[in-house]
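Please read them with the structure open.

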Amino acid sequence: KGLNVVHYDPLTVNGIIGNIMNAGKILKREKRAQRIVEKMKIKIKKAGMHIQKKKIRVYCEEWPGPPMAAGNWVVGMIQKAGGKGLLKQGERSRKVSLAEVIRFKPDIVVLNWCGIGLKADKKILRKRKGWEKIDAVKEGNIFVADDSLFNTPSQKIADGILELSRIISSRKPQ
């Protein structure tokens, strides 16, 4: 039908920012895209001001059954908020084993279950066999975050980085 199609598949925070700029160029809305990106950068910088020297290990869970660690750009979000993620930057979200999470030794668990918003139930995680061995679970450092700030590669990730920064700074001391 003669339509131009553009497909984006970002795996990093910078990839998302680049996509926003590219879409602005394609749509001849470059100034609008630049304003969006500048607002994002201000929020990301604000989140970075609270970074502690010690990197806090953050296990972000994208889906509960089977447990799936949030990957893609979420790892970069964790890093920009002062944490270290279980997966590597750019690695796709994937199923994780209890042993893998135990080896990672998360200081914090963040439930950003896809499509659930703020309705993720911490009890589901706490009831999993063996998960009581994880210090973050034992100590109550389980947080629920709105998945819309994590799971869509848009300007909303800047708010997600701010949310992660808030979570990291509010965790219960070990």
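This is a predicted model: local features need pLDDT of at least 70, side-chain atom pairs count only at pLDDT 80 or more; totals for chains, interfaces and linings use all residues.

1. An α-helix has 3.6 residues a turn, so residues three or four places apart point the same way.

2. The geometry of H7 can be checked by its length. The helix runs over residues 156-170, and at 1.5 Å a residue its 15 residues should span 21 Å; the end C-alpha atoms are 21 Å apart, so the two values agree.

3. The structure holds 1 aromatic pair. The partners are Tyr 59 and Trp 131, with 5.9 Å from centre to centre and 45° between the planes, and the pair is classed as tilted. Tyr 59 sits in strand E1 (residues 56-64) and Trp 131 in the loop between H5 and helix H6 (135-138), so described as a link between distant parts of the chain, 72 residues apart. Are these two residues buried or exposed? Tyr 59 counts as buried because its relative accessibility is 0%, under the 20% cut-off. Trp 131 is buried as well, with a relative accessible area of 3%.

4. The peptide bond between Gly 65 and Pro 66 is cis, with omega at about 0°. Pro 66 belongs to the loop between E1 and E2. Please look at this bond in the model.

5. Gly 71 lies in the loop that runs from strand E2 (67-69) to helix H3 (74-80). Its relative accessible area is 0%, so Gly 71 is buried. Beyond its neighbours within four places in sequence, Gly 71 is in contact with Glu 62, Leu 87, Glu 91, Arg 92 and Ser 93. Glu 132 is 61 residues from Gly 71 in sequence, and the C-alpha atoms of the two are 23 Å apart in space.

6. Asn 72 is also found in the loop between E2 and H3. Asn 72 has a positive phi of about 55° although it is not a glycine, and it is buried, with a relative accessible area of 11%.

7. A positive phi of about 55° is also found at Lys 105, again not a glycine. Lys 105 is in the loop between helix H4 (98-104) and E5. Is Lys 105 buried or exposed? With a relative accessible area of 55%, Lys 105 is exposed.

8. Gly 117 is placed in the loop between strand E5 (108-111) and helix H5 (122-126). Its relative accessibility is 19%, and buried means under 20%, so Gly 117 counts as buried. Which residues does Gly 117 contact, leaving aside its neighbours within four places in sequence? They are Val 144, Ala 145, Asp 146 and Asp 147. The C-alpha atoms of Gly 117 and Asp 146 are separated by 4.5 Å, although the two residues are 29 residues apart along the chain.

9. The largest pocket has a volume of about 170 Å³. It is lined by 13 residues, and the closest to its centre are Tyr 8, Asn 19, Ile 20, Ala 23 and Gly 24. Helix H1 (13-26) and helix H2 (30-48) are the elements that give two or more residues to the lining. H1 gives the most, with 5 residues. By class, the lining has 9 nonpolar, 2 polar and 2 charged residues.

Definitions and conventions
Residues are numbered from 1 along each chain as its sequence is written. Side-chain values use heavy atoms; hydrogens and water are left out. Helices (H or I, at least four residues) and strands (E, at least two) are DSSP runs, numbered from the N terminus. Buried means under 20% relative accessible area, exposed over 50%, partly exposed in between (1.4 Å probe, protein chains only). Contact means heavy atoms within 4.5 Å. On a 1 Å grid over the protein atoms alone, a cavity is a set of points where a 1.4 Å probe fits but cannot get out, and a pocket is an open set with protein on both sides within 12 Å along at least five of seven lines; lining residues have an atom within 4 Å of a point. Grid points are joined across faces, edges and corners, and a volume is the space filled by probe spheres set on the points. Ala, Val, Leu, Ile, Met, Phe, Trp, Tyr, Cys and Pro count as nonpolar, Asp, Glu, Lys and Arg as charged, and the others, Gly among them, as polar. The expected span of a helix is 1.5 Å times one less than its number of residues. Rings of Phe, Tyr and Trp (its six-membered ring) pair if their centres lie within 6.5 Å; planes under 30 degrees apart count as stacked, over 60 as edge-to-face and the rest as tilted.
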